[in-house]
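Please open the structure in a viewer and keep the selection tool at hand. The stops below are given in the order in which they may be selected.

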Amino acid sequence: MRVNWDFKLIPRGEKAPVNAKAEILDETGVRRALVRIAHEILEKNQGLSEVVLVGLRSRGDHLARRLAGFLHEIEGSSVPVGVMDVTLYRDDLAHAKHWPQVQRTEIPFSIEGRIVVLVDDVLFTGRSVRAALDSLMDFGRPRAIQLAVLIDRGHRELPIRADFVGKNVPTARRESVQVSLRETDGNDGVVIAEGAGAGR
Amino acid sequence: MTVWSRKDLLGIEELDAAEVLTILDTAATMKEISTREIKKVPVLRGKTVVNLFFESSTRTRVSFEIAEKRLSADSVNVSASGSSVSKGETLLDTARNLEAMRPDIIVLRHPSPGTPQLLARRLPCSVINAGDGAHEHPTQALLDAFTIRERLGRVEGLTVGIFGDIAHSRVARSNIHALRKLGARVLVGGPPTMIPPGIEGLGAEVAPGLEEMLPLLDVLIVLRIQLERQGGLLFPSAREYATLFGLGRERLCLGRPGLLVMHPGPINRGLEIAPEVADGTRSLILDQVTNGVAVRMAVLYLLTGAHRGATAADAVRGAA
């Protein structure tokens, strides 16, 4: 008779490995985080008169539009929202598994002298943000650039930090953080998964 | 992730519809870069592109050069006159010597059909066909398809006419392939001496004349009469061509109200197309030139990705 010894030993004091997925934020959590970030953007910049939002594809653009919605609810004025694809500015293209399809960058307003809030879903190595900073400079000279992210998962490889963070989530490198949004995935939520998925 | 995996762009004939669409979609993204104040992105930084032109060309060469510069590649121009070609070196020797300097991409225009295929087989770098004799001119067909799609929102289901010297035209051949793959109906027409037998085999229908063709069309591509290629053998005189086959305002009125007119350039004003048509509201001629840069940027970007994949695979194979 064969005994199935297929289990993993869990050292004392450590949490069980998340084989499936551990939920970090649900729909309400995502909304609350964004509302708080909207308030923080207002507070830090004392209003919206100079603020513009630029979301990084492919989920930061939706987050930026939602932030603009909350800012409008709170303050009654609207902020311009742009979208940026940083593929052509990446430093790690040569190492990418797949040569990415580039998508359009749309910043239909001048960023000259404005405060640009970059919006992304997950802050990880910091390399997309570095690419976004380079790209923004080609569009003009903003007065300041700030960074808003839904999740900061650590493991920075560049000296970059976020000004507004939805949630700090300590992770292992092999884990992946998966953000789902209504606009792209049908529902809102953030989960950590073991290994699988894109290294976000 | 892209569906592009080719090292070279040699012609439209060997591409499938998904590959053509990948180039057009990428070009739509690239077009925005040319509208910026700083019209440059760093994606091909450190790549070397050689523009090897054995035939005279202004538009295509400048278009490639601008595309290369907008992607931050370093480009070098070599033309047949004033190079070692005029000293009797063979094409392959020229190419081998260039290859020894490790370019990443060679853009080749040559009067003989098939030369890009020859280079692509022999050289490890990517090769882009910028026109080989009367065979293919893939980037022209791509920019034409892009321009049509941009203006009309689609290519599928449209009827596109190509009129002029079909026999000598690589633009016609590449365009027939591209438009058919994207689901358009293609009619060709011209003086009977300029319609090659068997052109139906590419999927085009031969129309009896311009007047018969015009009412059916959404887009008309007027081809240049290549005076340098004819030796005046295929039609008696330029004036006769203009009278019988030129697209003037009266003939244009036979077409639908929304008919759009394109021309690959350079135009012979008053010969195949009247100035008031070329400069008129139906003309997309300058849009074609603008879009040419975006399409060539897209091709350069996609080939670089595929080539990188290939060299990575070679390295893995070499190590194993």
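The tour begins with conventions and then moves from sheet to helices, interface and a single loop residue.

The model is predicted, so local features need pLDDT of at least 70 and side-chain atom pairs count only at pLDDT 80 or more, while totals for chains, interfaces and linings use all residues. Residues are numbered from 1 along each chain as its sequence is written, and chains are lettered from A and ligands numbered from 1 in the order in which they are written.

**The sheet**

Select the strands of chain B, where an open sheet of four strands runs in the order β2-β1-β3-β4 with parallel pairing. Helices (H or I, at least four residues) and strands (E, at least two) are DSSP runs, numbered from the N terminus; two strands pair if DSSP finds at least two bridges between them. At the edges lie β2 (74-79) and β4 (126-132) of chain B, each pairing on one side only. From one strand to the next, the twist averages 15°. Next, select β1 (residues 48-53) of chain B, which pairs with β2(B) in the parallel sense over six bridges. Within this pair, B:Val49 is opposite B:Ser75 of β2(B).

**Two helices**

Select helix α1 (residues 17-33) and helix α5 (residues 138-152) of chain B: their axes come within 10 Å and cross at roughly 65°. Axes are lines fitted to C-alpha atoms, for helices over the stretch in contact, and angles run from 0 to 180 degrees between N-to-C directions. α1(B) is therefore roughly perpendicular to α5(B), a term that covers 65 to 115 degrees. Show the side chains of B:Val20, B:Ile23, B:Leu24 and B:Ala27 in α1(B), which meet B:Leu142, B:Ala145, B:Phe146 and B:Arg149 in α5(B). Residues are in contact if their C-beta atoms, placed from the backbone, lie within 7 Å. The residues of this contact divide into seven nonpolar, no polar and one charged. Ala, Val, Leu, Ile, Met, Phe, Trp, Tyr, Cys and Pro count as nonpolar, Asp, Glu, Lys and Arg as charged, and the others, Gly among them, as polar.

**Between the chains**

Colour by chain: 14 residues of chain A are in contact with 15 residues of chain B. The chain A side comprises eight nonpolar, four polar and two charged residues.

**A loop residue**

Finally, select B:Lys40, in the loop between α1 and β1 of chain B. Is B:Lys40 buried or partly exposed? B:Lys40 is partly exposed, because 15 other C-beta atoms lie within 10 Å; 20 or more would count as buried, 12 or fewer as exposed. Leaving aside neighbours within four places in sequence, B:Lys40 is in contact with B:Arg70 and B:Ser72.

Definitions and conventions. Angles under 35 degrees count as roughly parallel, over 145 as roughly antiparallel, 65 to 115 as roughly perpendicular and the rest as oblique. Two residues are in contact if their C-beta atoms, placed from the backbone, lie within 7 Å.
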